[in-house]
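Thanks for coming, everyone. Let me put the structure up, and we will walk through a few places in it.

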Amino acid sequence: MSLVDLPAELLLDIAKDVCWEPEKGWDSGRLVSLAQTCRYVSSSVAPFLGSSVKDAHSWPLSSRILQTLRPSIHRVRSITVLMRWHTCGSECTREESTCIAPFVAQCQHNLVHLDLYESTNALLYNLASTVDSFSRLRFLRVGHRAVFLHIHIGAVIAVTRKSPSLEALYLIGLKSGEPTLIPEENAPFRLRYLHLVARDVDGPSFAWLCSSSVGLIEHLEVETPGENAQDMTWLDTDIAKATLAVLPRLTAHFRTKFCVAHALSYASNITHLTTHVETLPALDDLPPSLTGIHLTAWHRQSMFVPVGRLKHPDQVVTVTVDEPSRSHITSHGIAQACERAGLLFHQ
């Protein structure tokens, strides 16, 4: 059976699956090859064609792009733009403003993906006060890695409290430590993917983010400057421990082996671990459920020197590394180290 034999409704469902990737969100650009099959397929998936607003540079979008979008703004399902630390002011509340908040408000009921990299606290608070509800939003990425600015947990809460369908949350440059801002009620969303790049994380903030998602999170990715036990107190809450206890995949980018081992001590059912090659704990500290390790590297001199042996003789752990273009660690060196340590290497 060919695509032209399928009902238009089924083709539209297929198009929706093509556009959506759980950890990457919505991108109608993935439909291009499908839409080029024939006129019937193209017309069937037309409601999703051009539904992603993407800009290679920064907001505000060019007047040409905006003029093209306005007649079909009700079809916009994905917005991905670089915000360049835009700070909202009183003029940003007007519909004719070049701020993105009024534009997002017009798309809010159909929006499933919102990616505002280099966004500020002021923008997040403005979004929270501008929209009624992100009722369909499933993917949200906000913040930035700039050392001179960070996003507050209060601003994150303000936006995410209006996002009951959220599944993937990416917070870049998070700064918590504001316990008075943490709501008493649980988060309204049930996450499958949580990615935190944080200056610091505290227990109440992490617990609230996971409060409705225990047993549902499939991949937790955390990057902090953690070095010792004091830096890992965000794991001390009951919700954090319960979240890690049933977590299948963990990406842990900390400064020391101790911090990675500390997180693993709560993750008794983890199957896949991603960490820096320099911070992989001793093999006898790895949980028996672990079957895969993915290694990344900080610098050109990175070496893989595994310590100890796996506790369980029947445990089989496969090691992979970043692609050569993204990593400085050599596959030959990794393969030799794995053989000596009783690990499998997959290139």
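The helices α5 and α6 cross in a right-handed way. Right-handed here means the near helix is turned clockwise from the far one by less than a right angle, and left-handed means anticlockwise. The axes of α5 and α6 come within 9 Å and cross at roughly 40 degrees. Axes are lines fitted to C-alpha atoms, for helices over the stretch in contact, with angles running from 0 to 180 degrees between N-to-C directions. Who makes the contact? From α5 come Ile100, Ala101, Val104 and Ala105, and from α6 come Leu123, Asn126, Leu127 and Thr130. Contact means heavy atoms within 4.5 Å. Those residues divide into 6 nonpolar, 2 polar and no charged. For the classes, Ala, Val, Leu, Ile, Met, Phe, Trp, Tyr, Cys and Pro count as nonpolar, Asp, Glu, Lys and Arg as charged, and the others, Gly among them, as polar.

A word on the source. This is a predicted model, where local features need pLDDT of at least 70, side-chain atom pairs count only at pLDDT 80 or more, and totals for chains, interfaces and linings use all residues. Residues are numbered from 1 along each chain as its sequence is written, and side-chain values use heavy atoms, with hydrogens and water left out.

Now the whole chain. There are 11 helices and 15 strands. Both are DSSP runs numbered from the N terminus: helices are H or I with at least four residues, strands are E with at least two. Of the 347 residues, 49% are buried. Buried means under 20% relative accessible area, exposed over 50%, and partly exposed in between, with a 1.4 Å probe and protein chains only. Among contacts with a separation of 6 or more, 68% join residues 24 or more positions apart.

Back to α6, residues 121–130. Its buried residues are Asn121, Leu123, Leu124, Asn126, Leu127 and Ala128. They pack against α5, β5 (113–117), β6 (139–143), β7 (151–152) and α7 (153–160).

Phi of Glu118 is near 60 degrees, a positive value. Most residues other than glycine have a negative phi. Is Glu118 buried or exposed? Glu118 counts as buried because its relative accessibility is 11%.

Next, Glu167, in the loop between α7 and β8. Glu167 is also buried, at 17% relative accessible area. Beyond four places in sequence, Glu167 is in contact with Trp20, Arg138, Arg190, Leu191, Arg192 and Tyr193.

On to cavities. The structure holds 3 of 30 Å³ or more. A cavity is a set of points on a 1 Å grid over the protein atoms alone, where a 1.4 Å probe fits but cannot get out, and lining residues have an atom within 4 Å of a point. Points are joined across faces, edges and corners, and a volume is the space filled by probe spheres set on them. The largest cavity has a volume of about 40 Å³. Its lining includes Glu23, Tyr170 and His195. The strands β8, β9 and β10 each supply at least two lining residues.

Last stop, Thr318, in strand β14 (318–321). Thr318 is partly exposed, at 29% relative accessibility. His346 is 28 residues along the chain from Thr318, and their C-alpha atoms are separated by 6.5 Å. Thr318 also touches residues including Thr291 and Leu344.

Methods: 1 Å grid on protein atoms, 1.4 Å probe; cavity = no way out; pocket = protein on both sides within 12 Å on 5 of 7 lines; lining within 4 Å.
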